[in-house]
Amino acid sequence: MQSRPVCVSAGGKDAVRAEMADLKATVTWTDVREALPREGVPVAAAITGRYPAGSGDGDAAPGEEFWLVATMYFTPRHFDNGEVTRDCFVDSDGVIRFPCTPGSDGGVTHWAELPTLPGTRTHFLGGEEVGPALRNAWRTASDT
């Protein structure tokens, strides 16, 4: 018998025990040299680079390499202060990163589509769709 994740909400003896929908997701990474994502679609981006001098990032030494994952979107044209930047990834803070090429100082090496919301085939729900989707994703013990 396979176990399923369970969440117990705060609330003492009246706590609600809910069985969660399957939360496993498969990620397929794409090398930026082979293909780029569709315009405007949020993706997980694998970013490489080096910490700058004085970055104050805890244990990282200036110049130390990193490789991390961040949420970004791709755009063929990014407009900022009247300037146009082409074929770049942009994060939620407006930081621009370019597809990495061999010998470059860093950038996005790979990207992957973000998983959909649990129990759905979409990345976003709003309004009246949220309640039924959440109830489906968090089936209560009394529903099973």
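Author: Accessible areas come from the Shrake-Rupley method with a 1.4 Å probe, and for residues only the protein chains shown count as cover. Here the accessible surface of the protein is about 10400 Å², and 52% of it belongs to carbon and sulfur atoms. This is a predicted model, in which local features need pLDDT of at least 70, side-chain atom pairs count only at pLDDT 80 or more, and totals for chains, interfaces and linings use all residues. Residues are numbered from 1 along each chain as its sequence is written, and side-chain values use heavy atoms, with hydrogens and water left out.

Reader: What is the mean pLDDT of the protein?

Author: pLDDT is the predictor's confidence in each residue, from 0 to 100. The mean for the protein is 79, and 77% of its residues reach 70 or more. Over residues 1-18 the pLDDT is below 50, and this stretch has 26 contacts (heavy atoms within 4.5 Å) beyond near neighbours in sequence. Where pLDDT is low, the predicted coordinates should not be read in detail.

Reader: How many helices and strands does the secondary structure have?

Author: Helices (H or I, at least four residues) and strands (E, at least two) are DSSP runs, numbered from the N terminus. The protein has 1 helix and 9 strands, in the order β-β-β-β-β-β-β-β-α-β along the sequence.

Reader: Is Val 69 buried or exposed?

Author: Buried means under 20% relative accessible area, exposed over 50%, and partly exposed in between (1.4 Å probe, protein chains only). Val 69 counts as exposed because its relative accessibility is 53%. Val 69 lies in strand 5 (residues 65-80). Of the 144 residues of the protein, 24% count as buried.
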